[in-house]
Amino acid sequence: MRMINLTNLKSASSRRDLSKLLDVKPGMLSFAIYKNPEAVRYKRFEIPKRHGGTREILAPASELKLLQQRLSVLLQDCVAEITSARGFAEDGTHFGIAHGFKRYHTIMTNGRVHVTRRFVFNVDLHDFFGTINFGRVRGFFLKDRNFALHPEVATAIAQIACFENKLPQGSPCSPVISNLLAHSLDIQLARLAARHGASYTRYADDLTFSTNKPTFPAEIGVLDDAHDCSPGAELERIVTRSGFSFNPTKTRLQYRDSRQEVTGLTVNRKVNVPASYRYTVRAMVDRLFKTGAFEFIYKKKDVLGNVILERRVAGQNGQLLGMLSYIDQVDRFNQKICETSGREPESTAGRVELFRRFLYFDTFYATRQPIIVCEGKTDNVYLRCAIKSLAAKYPKLVTPGVQPKLNVRFFKYAETRTGQVMDLTGGVGGICKLLKSYSEDIEGIFRAPVPTFPVIVLIDNDKGAHGVYEVIAGITKKPKPLGLADFIHVTSNLYVVPTPFGPKKAYTAIEDFFDAPTLETELNGKKFNRNNKLDDSKEYGKAAFARDVVAKNAATIDFTEFRAIFDRVMKVLDDYEARRK
C-alpha cells in the first residue's frame with residue numbers, strides 16, 4: 001500500500017493544508033476550533049454505566065463533529081498504511097495488540113487471544129481519555145517518527161481533538177488518537193507478557209493478560225493472602241512511566257475452574273456471551289411477546305462482583321434489538337472461526353429464530369404507524385411520490401404541506417444483518433414467506449395486546465398473485481381469493497391489498513397506474529421495459545425508472561390513477577379500526 005495519506009499529512013505545513021486534507025473550508029476549521037465559543041462546542045450529558053454510576057459524554061457541535069470524523073478517518077488511513085508498511089495487511093487476517101476502536105477489531109478478537117487459559121488477569125486504566133491532554137497529543141504528532149508533523153498542523157490536530165485539556169469521551173477522533181498514544185505502552189506490555197510466557201491485549205482502557213503457566217507471573221499481577229489482586233511491580237512501573245494509572249476496583253485474576261471474562265465475554269472454552277446474559281434477554285423478549293412490555297434492569301456490583309443495587313425501568317424495544325444483535329454478532333464470529341478451521345459450528349438456530357421473531361414483532365406487530373409492504377424497492381418509490389402528490393385527498397395517509405409528512409411507513413427490504421435474519425427478499429416468494437411466518441407467530445407466539453395499526457401487503461394482481469392467494473387460503477382455511485376484493489383480511493392486523501384488475505379482469509401491476517407519457521419517457525435514447533430481461537442497448541429497467549423518471553419528475557407526473565390503490569388502503573384502515581373497537 002502506498003503511504004499517500006500519511007505523506008500528504010506530513011507534507012502539510014499550515015491549517016489551510018490540513019483543511020484541504022479534511023475536505024473542509026479553512027474558515028470552517030478556524031471557526032470550529034477558534035471562533036466558536038467553548039461553551040457551545042460540546043453538549044454534556046451522562047449515561048449509566050453497566051454496573052452502576054454514570055459516565056459523562058461530551059457530544060461535539062455539528063461543525064466540530066464533522067472535523068473530528070474526517071480527522072478520525074484520515075488518521076485511521078494513516079495507521080493502515082503504517083501497518084501495511086510493516087508487512088501486515090489491515091484486512092481482518094492479522095490482529096494487533098490493541099483491539100478497541102480499530103478496523104476489523106472487536107471485543108471478540110480481543111477475547112479470542114485469551115481462550116482456554118489457566119489464568120486470565122484484567123486491569124483497567126483510570127480515566128483513560130482524560131489522562132491524554134493537549135500537550136501529549138500535540139507532542140505525539142510532533143515527535144513520533146511515523147508522523148513528525150509540522151508544528152502548526154500538530155497544534156491544529158490537538159485543538160480539534162481536545163477540550164478542557166483532555167480527549168473528550170464522545171468525540172469521534174478520541175479513540176484513534178488514544179490508540180496512537182497508547183501504542184508505546186502496548187509494545188512494552190506485550191514484551192513484558194512475552195518474557196513471562198503470557199499473552200497481552202488492550203481494548204480501550206481494559207488490559208488483559210493470560211497464561212497457561214502453573215502460577216501467574218508476579219511481575220504482572222499479585223494475589224495476596226486475602227485473595228485480593230493488584231498489579232505487579234513491573235506492570236505498574238511501565239504503566240506509570242507511560243503517563244497512565246490504574247483503576248484499583250477493576251483488578252481481578254480469574255481461574256480456569258471459574259467463569260473467565262474478557263471485555264464482557266466468557267473465554268473458558270470459546271469467546272461467548274455469558275449464559276446468564278442470554279437467559280435474561282430471552283426472558284425479556286418472552287415478556288414482550290406476552291404483554292407488549294418488559295423491564296430493563298440496571299445493576300450495580302461491588303468490587304467482589306456482588307449486586308448491591310438494582311434499578312428497574314420500562315424497557316425500550318431498541319435495547320432488545322441491540323442485545324439480540326450483540327448475541328448474534330458473537331455467534332457469527334464463532335461460526336466464522338469454525339469454518340476457517342474446518343470444525344462443525346454449534347447450532348444457533350434457536351437464537352436466530354428468537355431474533356427473527358423479535359424483528360417481526362417490533363416491525364409489524366408493534367408498528368408505530370400503518371405499514372405498507374410492497375413486492376420490491378421500486379414500488380416504495382412509486383407510492384411515496386404518488387401519496388405526496390395526492391396529499392390533499394388522503395390526509396389520513398399524509399399530512400399536506402411544503403414538505404408533506406407521511407402518516408404511513410413503507411417496509412424497506414434491508415441488505416443488512418437484520419434483513420438476513422428476517423429473511424424477506426421481496427417478490428412473491430418474500431411476500432408468501434412473510435404471510436406464513438407472521439401468521440404463525442401471531443397464532444402461537446405473540447400474546448401482547450392487539451396491535452394499534454395494520455400491516456398492509458400490496459401485491460401486483462397478476463399471474464404471480466395466485467401463489468399469494470394459495471398461502472392466504474392455507475392460513476384462513478377459506479376458499480382461495482380470486483383477486484376481486486378491495487382487500488383481504490388474513491389474520492390479526494395483517495391484510496393483503498391487490499392492485500385493481502384492469503378492463504375485463506386483466507392482470508395489473510403497479511406500473512400500470514402511471515399515465516402513458518410517464519411510461520413512455522426515454523432515458524438516453526432508451527425505452528422503459530418493466531420485465532427482468534432487458535436489451536441494455538435499447539431499454540432501461542425498473543430501478544432507473546423509479547430513480548431517474550419517477551423520483552426526479554414527481555412534481556409534474558399525473559398520479560391520478562394511483563387513487564384506486566390508495567382508496568383500497570383507506571378501506572383497510574377503516575376496517576381495522578372497526579375490528580379493534
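Modeller: Helix α4 covers residues 62–85, and at 1.5 Å a residue its 24 residues should span 34 Å, which agrees with the 35 Å between its end C-alpha atoms. The expected span is 1.5 Å times one less than the number of residues, and helices (H or I, at least four residues) and strands (E, at least two) are DSSP runs, numbered from the N terminus. This is a predicted model, in which local features need pLDDT of at least 70 and side-chain atom pairs count only at pLDDT 80 or more, while totals for chains, interfaces and linings use all residues. Residues are numbered from 1 along each chain as its sequence is written, and side-chain values use heavy atoms, with hydrogens and water left out. After α4 comes Gly87, with a positive phi near 100 degrees.

Helix α11 (residues 275–291) can be checked in the same manner: its 17 residues should span 24 Å at 1.5 Å a residue, and its end C-alpha atoms are 24 Å apart, which agrees. Its buried residues (under 20% relative accessible area, with exposed being over 50% and partly exposed in between, for a 1.4 Å probe and protein chains only) are Arg278, Val281, Met284, Val285, Leu288 and Phe289. They cover an arc of only 140 degrees around the axis, taken from the directions from the helix axis to the C-beta atoms, and so they sit on the same side of α11. An α-helix has 3.6 residues a turn, so residues three or four places apart point the same way. The helix is followed by Gly292, whose phi is positive, near 85 degrees.

Phe289 also belongs to an aromatic cluster, together with Tyr360, Phe361, Phe364, Tyr365, Phe411, Tyr413, Tyr438 and Phe446. Rings of Phe, Tyr and Trp (its six-membered ring) pair if their centres lie within 6.5 Å, and planes under 30 degrees apart count as stacked, over 60 as edge-to-face and the rest as tilted. The whole structure holds 36 aromatic pairs. One of them is the edge-to-face pair of Phe119 and Phe216, at 6.1 Å centre to centre with 70 degrees between the planes. Because Phe119 lies in strand β3 (residues 119–125) and Phe216 in the loop between β5 (206–211) and β6 (221–223), this pair ties together parts 97 residues apart in sequence. Phe119 is buried, with a relative accessible area of 8%, and Phe216 is buried as well, at 10%.

Helix α17 (residues 465–476) lies across β17, β18 and β19 and runs at about 50 degrees to β18; axes are lines fitted to C-alpha atoms, for helices over the stretch in contact (heavy atoms within 4.5 Å), and angles run from 0 to 180 degrees between N-to-C directions. These strands belong to an open, mixed sheet of 5 strands in the order β16-β13-β17-β19-β18. Here β16 (409–410) and β18 (488–491) stand at the edges with a single partner strand each, so one side of each lacks a neighbour in the sheet. Strands pair if DSSP finds at least two bridges between them, and β17 (residues 455–459) and β19 (residues 494–498) pair in the parallel sense over 5 bridges, with Val457 opposite Val496 in β19.
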